[in-house]
Amino acid sequence: MHWLQDFSFSQGVRLDPLKPYSGGYLHEHNVRWHCLIPPVAIDGAVVSLRRHEFTALTLADFNDPHNLCDDCLTHVRGYKPLLVCGSTSSGKTTFLASLLRAVCQQERLAILESIVELPLMSSLWMRCQTQGDTSMEVLIEEILRLRPDRFVIGEIRGQEIIAFVKAMTIGHLGLLTTLHAESSRQVQARIRFLLSLYTSSFQPEMLGDSVHALILQRGDPPQICDLAEINI
């Protein structure tokens, strides 16, 4: 317990009985860590280490039985918004990193994350992380002043939905993000649920164009299952 608290402190995050969960990313090892301690972890501390293979995998390493990868590349090169979706460990972040490496290395890319995961694969890219009162929504406003070619929101888990809507409603092209959902129907339902939680005045027509979602399925290698148009 003492070691975990010291380690968390060294990573700049809090871990104690009043905030008994914490996590982050070890860039030198490409490892995402997360831990729970008592009182929420009843039988003792639980620690998870997840190694990402961002630099080892390319788009060609994903199983693509329906030949959807080329359509996805065309969509992204056309600066249209894309959600990369799937269950836990389905390869969402790894696919997004491979997609960015394939398409965006010569673009001014702004990556916004709550927990930093995506690697910096170009000197033209910039990464920002939410801190304290600096929310994803605030970061969107500040990054706009730097005139990026694209936005990447690391993952929509909760209040990130507000930043997603803001980026869509200001008409910014090239928005990319990930979402935990296993089908196009789940994507639509999850977005609507998060919007109902965190926004009160949102109307679907505010988003304008529909959003496309790429659905990944867990496997070895992960499988590209669908590229669907989602109407919110």
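Me: Why does Arg14 count as partly exposed?

Reply: This is a predicted model, in which local features need pLDDT of at least 70 and side-chain atom pairs count only at pLDDT 80 or more, while totals for chains, interfaces and linings use all residues. Residues are numbered from 1 along each chain as its sequence is written, and side-chain values use heavy atoms, with hydrogens and water left out. Buried means under 20% relative accessible area, exposed over 50%, and partly exposed in between (1.4 Å probe, protein chains only). Arg14 has a relative accessibility of 45%, and therefore counts as partly exposed.

Me: What makes the contact of Asp16 and Arg14 a salt bridge?

Reply: The term requires a side-chain nitrogen of Lys or Arg within 4 Å of a carboxyl oxygen of Asp or Glu. The side chains of Asp16 and Arg14 meet at 2.6 Å, N to O, so the pair qualifies. Asp16 is buried, because its relative accessible area is 19%.

Me: Why is the pair of Glu107 and Arg150 said to tie together parts that are apart in sequence?

Reply: These two side chains form a salt bridge at 2.5 Å, N to O. Glu107 lies in the loop between helix H3 (92-103) and strand E5 (109-113), and Arg150 in strand E7 (residues 150-156), so the pair links parts 43 residues apart in sequence. Helices (H or I, at least four residues) and strands (E, at least two) are DSSP runs, numbered from the N terminus. Both Glu107 and Arg150 are buried.

Me: What makes Asn67 and Arg147 count as exposed?

Reply: Asn67 has a relative accessibility of 58%, and therefore counts as exposed. Arg147 has 67%, so the term applies to Arg147 also. Asn67 has a positive phi of about 55 degrees although it is not a glycine.

Me: Where in the chain is confidence lowest, and where highest?

Reply: The predictor's confidence in each residue is given as pLDDT, from 0 to 100. The mean is lowest in helix H5 (residues 160-169), at 82, and highest in strand E4 (residues 82-86), at 95.
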